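Here are my notes on this model, point by point. Please read them with the structure open.

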Amino acid sequence: MVTLDRLVNVLGSYGVRLCTSAISRATVLRSVALHEATEETGPVIGDVLLAVGARSVPEAVQWARASQSVAVLSRGDESGVGEESDVAVLVVDSAVPWSELAAIVYGLVLEGRETAAGRGPTDLFALADSVADSIGCAVTIEDAHARLLAYSRLQAHADTARADTILNREVPAEVRELLSNRGVFAHLVASDEPLFVDAEPALGLTGRTVVAVRAGRELLGSVWGTSREPLDDARRRALSDGARTVAMHVLRSRASADLERQVESDLVARLLDGSADSATAASRLGLRRTGLRVIAVHADIAGEPHAALLLAFEHATSGFGWSRPGRSSLGRNTLYTVLPSEDVDPARRWVSALRGALPAHTTIRAGISAPAEATELAAARQEADECLALHEDPATPDDVPAYDETWHDILLQRLRTAARSTRVPARGPVAELRRHDAAQSTQYVATLRAWLTAQGDLAQAGEALGVHENTVRYRLRKMAEVTTLDLDDPHKRLAMTIELAAQ
């Protein structure tokens, strides 16, 4: 079942605006029509009218009334339509192709019509209730990573582990470990047969019967029924039948979401590589044109090199229209999200929310660009990538660096990268002091670095080195015997500072 509210939210991410309507957003939509009126057939009837070819929004509204439509999509200026229009008017951005919009609208409405017609429950919770009634057990439906998707109202044989799963939206870590050690997850990967899992009172776990939810060879998740004893054959069959229905529902939902994700991902990718018209792409994505930050994310689960990144992308793109602040794209090994945020704190909270939504054993690293305009997002992407690369240095704190706070570290990182890719000077003061340190076990390079950092303050340099300032003075004198330092020359001081920073 698809409502006007869902349609408006989904199309909002493609630059479609709801301009005026006295129609309730809870109105159910069951059919779609194109304007094709002829003398023989008359207007085509449909709840949603695609007013392709209308010369104005008022004309599109007239077509919609003739087609008995509750919503109409049209290009043009909506100023001629009253605020209390009996048709919901959705104005389409001129850059959005009708073919693309038609695919989305038809897909959404037909999906809703199929579930309403009885080919599958309208949501997984209703399906969990149906399976629970048929087997007489409390039911939970989980994805392939033991995250909760839905649960039944029926509480027969419910236990502490079930309650914790519902509260935390995923199976507790100690229960996952137990199930893994007992080979339950390996069974789900390999078999479609229901499996009974013995109780474990120490973890608040009564008996369970579980069956895989699968599409072809792909494991989509599992259905669990609490049962102190193994189910009889009839209830095992009912559980297996329920799992097949769950698979169809998950695939249908995934197909609808994947279409929206693909369009969004392509637009964001074009914005970030600078190949799209920024104003048009930002409008279609529902993004403002200023105050945007790019977040670059690496996600990793040990032993599953691609799973974590796909899970992160799925979470980042969950929801429709304006229900989430960012717009995301998946690169080769990086998740990019464009987030409206002048201040860095909302971006860091976004990363924290992503980390909290993924399995506990997932490693997340991220970098955040400085605020940018839509026309500057290609440069902002590079900033986010460079902030992310700071995590390669073990000395980088375990937080989320932002370019406007760490630009100096990034500049030094660029210098180090350049030094690694080109020939480092083999002669000169710094190189000669390094060779002397290696041969004589002196600390001349460290002393020079401390003196330059302290801008010639001997006491401050001595404090950094843990020695008296007279020791620093003595070392500088001895260093002048090894090489020509020329510390009075500001250009040479700058050159030595850069060389030390780049190595």
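Leaving aside neighbours within four places in sequence, which residues is Val105 in contact with? They are Leu7, Leu11, Val32, Val48, Leu50 and Leu73; contact means heavy atoms within 4.5 Å.

1. Basis. This is a predicted model: local features need pLDDT of at least 70, side-chain atom pairs count only at pLDDT 80 or more, and totals for chains, interfaces and linings use all residues. Residues are numbered from 1 along each chain as its sequence is written, and side-chain values use heavy atoms, with hydrogens and water left out.

2. Main core. Val105 belongs to the largest nonpolar core, which has 46 residues. Leu11, Leu73 and Val105 have the most contacts inside it. A nonpolar core here is a set of buried Ala, Val, Leu, Ile, Met, Phe, Trp, Tyr and Cys residues joined through side-chain atoms within 4.5 Å. Buried means under 20% relative accessible area, exposed over 50%, and partly exposed in between (1.4 Å probe, protein chains only). Helix α3 (residues 98–119) gives the largest share of this core, seven residues. Helices (H or I, at least four residues) and strands (E, at least two) are DSSP runs, numbered from the N terminus. The core lies between domain 1 (2–112) and domain 3 (287–419), because both give residues to it. Domain bounds come from an automatic or database domain assignment.

3. Second core. A separate core has 23 residues. Among them are Val297, Ile301, Ile368 and Val400.

4. Aromatic pair. The count is one. Rings of Phe, Tyr and Trp (its six-membered ring) pair if their centres lie within 6.5 Å; planes under 30 degrees apart count as stacked, over 60 as edge-to-face and the rest as tilted. Phe125 and Tyr151 are edge-to-face, because their ring centres are 5.3 Å apart and their planes are at 80°. Phe125 is in helix α4 (residues 124–135) and Tyr151 in strand β9 (residues 148–151), 26 residues apart. Phe125 is partly exposed at 34% relative accessibility. Tyr151 is partly exposed too, at 27%.

5. Backbone check. Most residues other than glycine have a negative phi. Ala146 has a positive phi of about 65°. Ala146 is in the loop between β8 (139–143) and β9, and is buried at 4% relative accessibility. Gln455 also has a positive phi, of about 55°. Gln455 is in the loop between α15 (444–453) and α16 (458–465), and is exposed at 76% relative accessible area.
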